Amino acid sequence: MGPTNPGDMLSSPTEENAEAVEKNSPAMIFLPSQSTREVLNEMIDATNNGVALTGAAATGSMGPLIGKVEIGELKDSYYFRVSLPGVSMDKREFNCVIRADGKVTIQGILTTGEQIVSNESGVFRMLTQNLGPPGPFTVSFQLPGPVNNQEVKSHLACGFLEAIVKKM
């Protein structure tokens, strides 16, 4: 079943939908947030093994995007936030360069998205790939104007790089 639009109201799954889900498992079901808990539970129970999404997850894009950039502006500075899920936070593997003309270049290594994952419990072959393949990446973008690249406050955590850069 595809993602719902805000305001869509779905009832419990039809026999046709339930049969299609059973035949094609695993399944992903997008559940509208306006549904009752009972309806949501019925829809989830219709799958043998799957993923159920509700609320913002059901209406948003699938999987986190690497390199999604958001830019804000104040009178004296620019703010930017870059989505970097699965990126190594090791300072030897991550680099962000902000040039005086406002060009930002971020380089690093994506450490998730692999097809085989090993840990103390064993070796797992991943069935889904929500992130890009592991390895090096580069994200570049242009801020709206020139900056003082000596006056930067930045923070890399939880899959995001956030920075405030003073304007020239």
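# Questions on a predicted model

Visitor: How many disulfides does the count come to?

Guide: The count comes to zero disulfides. This is a predicted model, and a pair of cysteine sulfur atoms would have to lie within 2.5 Å to be counted.

Visitor: What is a disulfide in general?

Guide: It is a covalent bond between the sulfur atoms of two cysteines.

Visitor: Why is Cys-158 called exposed?

Guide: The relative accessible area of Cys-158 is 73%. Exposed means over 50%, so Cys-158 is exposed.

Visitor: What makes Cys-96 partly exposed?

Guide: Cys-96 has a relative accessible area of 29%. Buried needs under 20% and exposed over 50%, so Cys-96 falls in between and is partly exposed.

Visitor: Where is Cys-158 found, and what is its phi?

Guide: Cys-158 is in the loop between strand E10 (147-157) and E11. Phi of Cys-158 is near 55°, a positive value in a residue other than glycine. Most residues other than glycine have a negative phi.

Visitor: What pattern does the chain follow along the sequence?

Guide: The pattern is α-β-α-β-α-β-β-β-β-β-β-β-β-β. The chain has three helices and 11 strands. Of its 168 residues, 27% count as buried.

Visitor: What share of the contacts with a separation of 6 or more comes from residues 24 or more positions apart?

Guide: Such residues account for 56% of those contacts.

Visitor: Which residues touch the most other members of the largest nonpolar core?

Guide: They are Phe-80, Val-82, Leu-84, Val-104, Ile-106, Phe-141 and Leu-143, in a core of 18 residues. Two or more core residues come from each of strand E4 (77-83), strand E6 (103-110), strand E9 (135-142) and strand E11 (160-167).

Visitor: What is Leu-84 in contact with, leaving aside neighbours within four places in sequence?

Guide: Leu-84 is in contact with Gly-67, Phe-94, Ile-106, Phe-137, Leu-156, Gly-159, Phe-160 and Leu-161.

Visitor: How many aromatic pairs does the count come to?

Guide: The count comes to one aromatic pair. Phe-80 and Phe-141 form that pair, with 5.2 Å centre to centre and 70° between the planes.

Visitor: What makes Ser-77 buried?

Guide: Ser-77, in strand E4, has 5% relative accessibility. Buried means under 20%, so Ser-77 counts as buried. Beyond four places in sequence, Ser-77 is in contact with Gly-72, Ile-164, Val-165, Lys-166 and Lys-167.

Visitor: Why does the link between Ser-77 and Asp-76 count as a polar contact?

Guide: The side chains of Ser-77 and Asp-76 are joined at 3.4 Å. The limit is 3.5 Å, and residues adjacent in sequence count only if both atoms are side-chain atoms. The contact joins side chains at 3.4 Å, so it counts.

Visitor: Is Ser-83 buried or exposed?

Guide: Ser-83, also found in strand E4, has a relative accessible area of 9%. The value is under 20%, so Ser-83 is buried. Among the residues Ser-83 touches, not counting those up to four places away in sequence, are Leu-65, Gly-67 and Phe-160.

Visitor: Why is Val-123 called exposed?

Guide: Val-123, in strand E8 (residues 122-125), has a relative accessible area of 62%. That is over 50%, so Val-123 is exposed. Val-123 touches Ile-116, Val-117 and Ser-118, not counting residues up to four places away in sequence.

Key: Residues are numbered from 1 along each chain as its sequence is written. This is a predicted model: local features need pLDDT of at least 70, side-chain atom pairs count only at pLDDT 80 or more; totals for chains, interfaces and linings use all residues. Side-chain values use heavy atoms; hydrogens and water are left out. A nonpolar core is a set of buried Ala, Val, Leu, Ile, Met, Phe, Trp, Tyr and Cys residues joined through side-chain atoms within 4.5 Å. Buried means under 20% relative accessible area, exposed over 50%, partly exposed in between (1.4 Å probe, protein chains only). Helices (H or I, at least four residues) and strands (E, at least two) are DSSP runs, numbered from the N terminus. Contact means heavy atoms within 4.5 Å. Rings of Phe, Tyr and Trp (its six-membered ring) pair if their centres lie within 6.5 Å; planes under 30 degrees apart count as stacked, over 60 as edge-to-face and the rest as tilted. A polar contact is a pair of N or O atoms within 3.5 Å; within protein, one must be able to donate a hydrogen and the other to accept it, and residues adjacent in sequence count only if both atoms are side-chain atoms.
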